[in-house]
Amino acid sequence: MTLSVAVRKATAAAVLGAALAGCGGGTGSSPKPANEARMASPAPPAPASPSAAPSGTPQAGAPARVPVLPPGPNGLTPVFERTKQHVDKTVALTFDADMTSDQGPRAASGERFDNPQLISSLRALKVPATIFMTGRWAEEYPDQAKAIGSDPGFEIANHSYSHHAFKSPCYGLPALDGAAAKADVDRAFAAFRKAGAVNTVPYFRFPGGCYDDQALRALSPAKVTAVQWDVVSGDAFAKDPDAVAEQVLAGVKPGSVVVMHCTRSAAPVTEQAVRKVVPELRKRGYRFVKVSELIGK
């Protein structure tokens, strides 16, 4: 690994805006939680009854009890960034499977927004993971969405339907009308169901990581827990897997959430970086978990 952490972080910052326009995955302009209520202890697990549950509650065949956070002040959508319990060396690797509503022609011409080799490596390494998937990605790759969503090692969370921003400006992403927030989230969950994915969880990641109180208020009817991160991998448009791995290894702490990507055209070295990160973190005593396990602490 030839780049220093400081130089690499500066390089990552320089390209982050461009990367987020297609991928999401930076710290964005999202504010830190304003008070402790947004980072509160988990609420009771989401109900198992489909008639009483929110749209993101796991379907039949998926775990019936999934921890969520209680609503924030005035009913705002709660936000989770990392666990408050730092005594256990656990870390969650999360992967954004991005695709916007207008990228169908690019996929039809051969551009790959999936990364099956990454999923295969996670399985081979026995690393559980949370995949934040857009509904459009699930529509483009329904067989992969079903396979990921049927594997007990993975859970699928919501990354919106078409990767539009819930707060503007947000790295050049087109803005979603706040009134359409719940419908957009519901449409993504519907795409997962149509693909046959059952291991879905009521978690949501804002495209670009951009949100404010207005976005949290608009999203509240969807009854999801918003999930951010505390470690940016820098894998978006990266060419050097060693640099990505070094950035992750430098940032991980007990209870961390790492954001990476499951989008081959926009993050071509992620799988190679993961194969470097996993054994090193295990050597340091870390255990890999899904986001649901971190929220459940």
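Mentor: Buried means under 20% relative accessible area, exposed means over 50%, and partly exposed is in between, with a 1.4 Å probe and protein chains only. Helices (H or I, at least four residues) and strands (E, at least two) are DSSP runs, numbered from the N terminus. The model is predicted, so local features need pLDDT of at least 70 and side-chain atom pairs count only at pLDDT 80 or more, while totals for chains, interfaces and linings use all residues. Residues are numbered from 1 along each chain as its sequence is written, and side-chain values use heavy atoms, leaving out hydrogens and water.

The helix to look at is α5, residues 142-149. Its buried residues are A145, I148 and G149. Viewed down the axis of α5, these residues fall within an arc of 90 degrees, so they line one face of the helix. The arc is that of the directions from the helix axis to the C-beta atoms. An α-helix has 3.6 residues a turn, so residues three or four places apart point the same way.

Next comes the cover. Contact means heavy atoms within 4.5 Å. Among the elements that cover the buried residues of α5 are the helices α3 (116-124), α4 (135-140) and α6, together with the strands β3 (129-133) and β4 (154-158).

A nonpolar core is a set of buried Ala, Val, Leu, Ile, Met, Phe, Trp, Tyr and Cys residues joined through side-chain atoms within 4.5 Å. The largest such core has 61 residues, and those touching the most other members are F95, L122, M133, W137, F166 and F206. Helix α6 (residues 181-195) gives the most to this core, with seven residues. Another core lies apart from it and has 17 residues, including L69, A92, V291 and L294.

The loop between β4 and α6 holds C170, which is linked to C210, 40 residues apart, in the loop between β5 (200-204) and α7 (213-219). This link is a disulfide (a pair of cysteine sulfur atoms within 2.5 Å), with an S to S distance of 2.2 Å. Both C170 and C210 are buried.
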